[in-house]
Amino acid sequence: MKKIIVVLDGKVKEGKIQDFLELMKKRVDDTKKEKGIIKFEWALGEDQETATIQEEYANSKALLEHMQSVAQFSSNYFKLFDLSKVLIYNEVSPELRDALVGLNPIYMKFIGGFKKDETGQIKNIISQIEDGSPEEIIEKIKSHTK
């Protein structure tokens, strides 16, 4: 199974920025210890309210393990942060879909793109637009998210 990418967007609740910063520092420190995590980054907007968290996991099992390890933060997290959108990239296991249902995620499928190395050479193709009409491609995406 492919790596799982998670993007969480939302707003820090009014008057809660200091508490949010402390909680995120703890989350980063604790998440570093997890085996299946590849990347954990977060950004705060100039307005000091808008925040985005980007996470990348080796597979569905690694994300499930992460969710179990951060369960202790969940109640505090949602007292400080209004989550507005959760995007999940790549295929996930049925167990992970069940675990994520309460977050109402949008499941995304990469359709095309590439990565370049530091010299500017194309390192690898992330995915390619599949052959077929736009309708056929859309149908493939729909079947991927069921």
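**Ground rules.** I am working from a predicted model, where local features need pLDDT of at least 70, side-chain atom pairs count only at pLDDT 80 or more, and totals for chains, interfaces and linings use all residues. Residues are numbered from 1 along each chain as its sequence is written, and side-chain values use heavy atoms, with hydrogens and water left out.

**Overall.** I looked up the elements, which are DSSP runs numbered from the N terminus (helices: H or I, at least four residues; strands: E, at least two). The chain has five helices and seven strands, and from the N terminus their order is β-α-β-β-α-α-β-α-β-β-β-α. Of the 146 residues, 31% are buried; buried means under 20% relative accessible area, exposed over 50% and partly exposed in between, with a 1.4 Å probe and protein chains only.

**Helix H1.** I then listed the buried residues of H1: Ile17, Phe20, Leu23, Met24, Arg27, Asp30 and Thr31. They sit on the same side of H1, because they cover an arc of only 150 degrees around the axis, taken from the directions from the helix axis to the C-beta atoms. Gln18, Glu22 and Lys25 are exposed on the other side of H1. The buried residues of H1 pack against S1, S2, S3, H2, H3 and S4.

**Asp30.** I looked at Asp30, in helix H1. Its relative accessible area is 18%, so Asp30 counts as buried. Leaving out residues up to four places away in sequence, Asp30 touches Gln72 and Phe73; contact means heavy atoms within 4.5 Å.

**Core.** I took a nonpolar core as a set of buried Ala, Val, Leu, Ile, Met, Phe, Trp, Tyr and Cys residues joined through side-chain atoms within 4.5 Å. The largest one has 26 residues, and Ile4, Val6, Phe20, Tyr57, Tyr77 and Ile88 touch the most other members. Elements giving two or more residues to this core include S1 (4–12), H1 (17–31) and S4 (81–89). Beyond four places in sequence, the residues that Ile88 touches include Ile4, Val6, Leu100 and Tyr107.

**Contacts along the chain.** Of the contacts with a separation of 6 or more, 61% join residues 24 or more positions apart.
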